[in-house]
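These are my notes on a two-chain model, kept in the order in which I looked things up.

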Amino acid sequence: MRLPSVRLLAAGLGTAIVAIVLVAGLLAPWITPYDPFITNLDARMIPPSFMEGGRPENFLGTDQLGRDYFSRLIYGARISMLIGIATVITSGLIGITLGVLGGFFGGRVDDAVMFAITCRLSIPLILVALAVVGLVGSSLNVVVLTLGLLLWDRFAVVARSTTMQVRNLDYVAAAWAAGCSQAHILLREVLPNIIHHLVIVATLEMALAILLEAALSFLGLGVPPPLPSWGLMIAEAKEYMFFSPWVIMVPGISLFVLVLGINFMGDGLRDMLGAQRDV
Amino acid sequence: MSAALLEVEGLRVGFGNGTQAVRGISIAVARGETHCLVGESGCGKSVTSLAVMNLLARGAVRTAEGIRFEGREIAGLSEREMGKLRGDAMAMIFQEPMTSLNPAYTIGSQMAEVYVRHRGGSKAAALDRAAHLLGRVGITAPGMRLAQYPHQLSGGLRQRVMIAMALMCDPKLLIADEPTTALDVTVQAQILRLLQELQQELGLAILLITHDLGIVARMAHRVSVMYAGRVVESGPAAELFGRPTHPYTHGLLACVPVPGKIARGEPLGSIPGTVPKIGPGYSGCAFRERCAQAMPACGAGDVPGREAGPEHRYECHLGADWTARLATGAAA
């Protein structure tokens with residue numbers, strides 16, 4: 001038997017990481033040992049149980065307000081995944097709709113779509129996100145909406161170029177010749193044949209959205225406290241990182257591992273779907 | 001000829017950049033008959049077939065004095081009405097069987113879809129019909145093929161699937177745009193034989209588009225030779241092959257190498273030059289620059305249509321007996 005390649009291992013590992021974080025986020029209320037919002041000023045900055053001074057009740061120790069760090073981390077996973085998925089759905093809907101329409105109809109429609117994409121690309125992402133969140137006020141919904149409305153460009157570019165390729169293929173001509181309607185051809189002939197490209201874009205955008213949320217939260221403009229976002233945890237931990245480095249390492253490493261996992265998964269999907277299409 | 005299933009009169013197709021792809025052609029396809037549209041690349045064959053189905057790309061302008069299908073005028077039909085005809089009474093198969101099937105769906109679901117779209121009924125009934133037709137076009141184990149995806153089939157099989165799919169709704173007219181060009185010669189012969197059998201069995205009218213004169217000789221009842229957007233010669237196949245009258249047809253037939261007749265090392269026949277670009281306001285015969293018989297009259301004005309025999313028409317200033325005169329002239 002052939003040993004699985006490094007790429008395959010990476011893809012499996014990435015998928016496993018994403019699955020674990022997703023399940024952890026979904027089941028957060030049932031698997032966390034403590035309420036992540038309950039403070040205990042008598043038990044602040046306790047190191048993780050495997051470190052010196054740690055205690056077995058708090059696996060990853062506690063933060064500066066005595067909240068259980070493990071529970072907060074798991075609720076943080078929930079927020080990261082929620083933001084990642086909701087942003088991808090919002091931006092995917094916008095980007096795919098624009099891209100497919102532009103690629104399929106060409107001409108004026110395509111000009112309009114390309115203009116929109118160019119406009120979007122000339123907007124500095126973080127600055128606008130900061131400005132919007134700063135103006136409207138920070139909440140989970142605002143963060144998702146802002147990121148969703150800003151991250152659709154790659155979806156649009158990929159959907160447009162792949163639609164242009166598929167549009168001219170014979171099976172689309174055959175569908176016209178079989179009397180299919182325009183809507184049918186868009187939804188059932190074109191879309192299923194470009195979706196594998198878009199799934200890969202979705203993974204990249206999800207990783208980007210999670211990182212951006214962390215960045216916004218770190219700057220105090222993302223998810224409002226006391227919600228346990230990983231970016232917010234990093235922000236709150238930075239004052240203590242000299243004497244209690246674990247408080248910044250735990251969410252930092254989690255974020256790194258999750259984003260790496262999503263990217264591995266995306267690469268794996270690309271290899272898999274790409275190979276399947278090569279006839 | 002009034003019983004023709006498809007009658008096209010004075011069809012013109014122009015593109016936005018001024019190119020005239022089809023310049024006023026008339027074609028009639030009778031029930032149960034194979035009508036071959038022959039010509040070299042770019043002469044407007046495919047555009048003609050797409051124009052009949054009203055499937056031209058955006059930017060193409062189609063005008064016609066009449067396009068009648070079963071005696072009904074279809075040139076002015078709405079997109080919706082045309083959609084009802086396409087895939088139902090008039091079906092089409094394409095040149096590239098490798099890309100004509102959607103890779104995202106199984107053979108069965110693609111075939112059933114056409115039927116359900118036009119005829120309604122359950123998917124199960126449509127799949128039964130699909131299996132029956134796959135068997136009819138010579139595919140073994142049709143039940144298994146229905147569940148397969150296009151990439152699991154060979155080119156010949158896919159073209160059979162395409163033919164079966166075109167037959168799902170019992171079309172009266174089958175437009176086949178170079179259906180065998182992408183296939184190897186043995187498979188080509190099988191597919192052509194299949195088309196002939198189906199035609200006899202179902203009374204199909206076939207509009208066969210090809211550049212292969214071998215296929216024409218084998219399949220056609222009637223032939224229209226196209227050159228630069230005009231039908232330069234048309235007539236019953238035997239008549240046209242027996243007495244090619246337009247200099248282009250003449251040249252075309254001279255280009256076909258016949259084993260035994262052509263000695264080794266002897267150059268193959270060819271027609272010098274290339275097809276001219278036809279812009280707006282082009283007049284005269286488009287073949288004149290490549291024609292050995294060209295004369296001053298060819299340079300301007302319309303080319304007269306002439307009769308060379310019963311239902312055998314051609315467009316040229318030369319009389320129908322020019323080949324005979326040429327032969328005697330050369331002898332004298």
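What share of the 279 residues in chain A is buried? I get 45%, where buried stands for 20 or more other C-beta atoms within 10 Å of a residue's own, exposed for 12 or fewer and partly exposed for what lies in between, with C-beta atoms placed from the backbone.

**Entry 1: ground rules.** I am working on a predicted model, in which local features need pLDDT of at least 70, side-chain atom pairs count only at pLDDT 80 or more, and totals for chains, interfaces and linings use all residues. Residues are numbered from 1 along each chain as its sequence is written, while chains are lettered from A and ligands numbered from 1 in the order in which they are written.

**Entry 2: confidence.** I looked up pLDDT, the predictor's confidence in each residue, from 0 to 100. Chain A has an average of 83, with 96% of the residues at 70 or above. For chain B the mean is 84, and 97% of its residues reach 70 or more. For the complex I note an ipTM of 0.71 and a pTM of 0.75 from the predictor. A reminder to myself: where pLDDT is low, the predicted coordinates should not be read in detail.

**Entry 3: chain A.** I count elements as DSSP runs numbered from the N terminus, helices being H or I with at least four residues and strands being E with at least two. On that basis chain A has 11 helices and 0 strands. Its C-alpha atoms fill a box of roughly 75 × 60 × 30 Å along the principal axes. Of the contacts in chain A with a separation of 6 or more, 69% join residues 24 or more positions apart.

I also checked one proline. A:Pro225 sits in the loop between H9 and helix H10 (230–237) of chain A. Why do I log A:Pro225 as partly exposed? Because 14 other C-beta atoms lie within 10 Å. From A:Pro225 to A:Pro48, 177 residues apart along the chain, the C-alpha separation is 23 Å.

**Entry 4: where the chains meet.** I find 15 residues of chain A in contact with 20 residues of chain B. On the chain A side, helix H8 (170–177) and helix H9 (182–218) are the elements that give two or more residues. H8(A) gives the most, with 6 residues. By type, this side of chain A splits into 9 nonpolar, 3 polar and 3 charged residues; Ala, Val, Leu, Ile, Met, Phe, Trp, Tyr, Cys and Pro count as nonpolar, Asp, Glu, Lys and Arg as charged, and the others, Gly among them, as polar.

**Entry 5: domains of chain B.** Chain B is divided into domain 1 (4–89 + 171–331) and domain 2 (100–168), with bounds from an automatic or database domain assignment. Their C-alpha centres lie 31 Å apart. I find 11 residues of domain 1 of chain B in contact with 10 residues of domain 2 of chain B. Helix H7 (residues 185–202) of chain B gives the most to the domain 1 side, with 4 residues. That domain 1 side holds 8 nonpolar, 2 polar and 1 charged.

**Entry 6: the open sheet.** Chain B has an open sheet of 8 strands, ordered S7-S8-S9-S3-S10-S11-S13-S12, with mixed pairing; two strands pair if DSSP finds at least two bridges between them. Strand S7 (90–93) and strand S12 (305–309) of chain B are at the edges with a single partner strand each, so one side of each has no neighbour in the sheet. The twist averages 20° from one strand to the next. Inside the sheet, S3 (residues 34–38) and S10 (residues 222–227) of chain B run parallel over 4 bridges. B:Cys36 has B:Val223 as its bridge partner in S10(B).

**Entry 7: pairings of S1(B).** Strand S1 (residues 4–15) of chain B pairs with strand S2 (residues 20–30) of chain B, antiparallel, over 8 bridges. Here B:Arg12 stands opposite B:Arg23 in S2(B). The hairpin of S1(B) and S2(B) has 4 residues between the strands, and B:Gly18 takes a positive phi near 95° there. S1(B) also pairs antiparallel with strand S5 (residues 66–69) of chain B over 4 bridges, where B:Leu6 is partnered by B:Phe69. Strand S4 (residues 60–63) of chain B is joined to S1(B) by 4 bridges, again antiparallel, and B:Val13 stands opposite B:Arg62 in S4(B).

Notes:
Axes fitted to C-alpha atoms, helices over the stretch in contact; angles between N-to-C directions. Contact = placed C-beta atoms within 7 Å.
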